Amino acid sequence: MPRRLRFNGTDSKNGGCPAVHEDLDSGEILVQGTPLTDPEDIAQLQHFGADDAVVVVPRELLVHHGPKEVIHVPELIDRKEFGRLFETFAHSAWHLETRRGYASDREDPGFAEFLTTGTAPSDLDSEWCANIRRQTGDGKYVGRVRVVDNPPTEGQLFLLDYAKCNAATGEDVRNLWREDAERLRLPAEDFWIFDSRLVAVLGFDDEDVLRDVEVITEPATVLRYCQIRDAAVHKSAPYDEFTAHVDAQP
């Protein structure tokens, strides 16, 4: 089985070598760089085995993109503090949604109504919608990209229709096929980015229930999430255009 690798970053100005990746299961760090091949240089290396290889990378690469701790200890916040992020962000809030369904949606009475009528009800006067309307009314950007399976799940169809409500609050709502997300190597995780300085990673259990919220402010890691955002937005389609394509499928 191949490793599950995550791209951590590069200091290359053109997106090439050198770079750092991380094995999500073992925690091992993989560094790619220019091979060291000069026999006189290799002869100076201690504990160099016959099957070993050496690459040369700038010190800054490891400082910027290498692990900062032996064991990662997440900084978790409660739901109340997470909610305040949507009231206090200064410029932008952006969300990547990757799950095939959410327990919070299925528990909403509107979900049952959608299964019956094919239309997701919306309440633009709800606390969430009212706040987003205030934020976008002040000129702030709120957006999201939803990853969709082919064919879409019931939960994804519900959100495709509910996107009309998101858009009515001023959100930039977009969608991306899962096969395209995998081609882009987007992570299979949900997160919000606030002001390109703070990331809130949403952890779910196997029943699609939100388990915890981890906040990340380490600049190199935040940059990696911003690069994910840029790739997702670039390859995604506006929700109405995407939904029309889904509806047109046989």
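The count comes to 1 cavity of 30 Å³ or more, where a cavity is a set of points, on a 1 Å grid over the protein atoms alone, at which a 1.4 Å probe fits but cannot get out. This is a predicted model, in which local features need pLDDT of at least 70 and side-chain atom pairs count only at pLDDT 80 or more, while totals for chains, interfaces and linings use all residues. Residues are numbered from 1 along each chain as its sequence is written, and side-chain values use heavy atoms, with hydrogens and water left out.

**Largest cavity**
- The largest cavity holds about 50 Å³ of space, a volume being the space filled by probe spheres set on grid points that are joined across faces, edges and corners.
- Its lining (residues with an atom within 4 Å of a point) consists of Glu97, Arg99, Tyr102, Arg146, Val147, Val148, Gln156, Leu159 and Asn175.
- Strand 8 (141-148) and helix 7 (154-168) each supply at least two residues of this lining, and strand 8 gives the most, with 3 residues; strands (E, at least two residues) and helices (H or I, at least four) are DSSP runs, numbered from the N terminus.

**Second largest pocket**
- The second largest pocket, a pocket being an open set with protein on both sides within 12 Å along at least five of seven lines, has a volume of about 1000 Å³.
- Of the 34 residues that line this pocket, Ser104, Asp105, Trp128, Arg144 and Trp192 are the closest to its centre.
- Helix 3 provides the largest share of the pocket lining, 5 residues.
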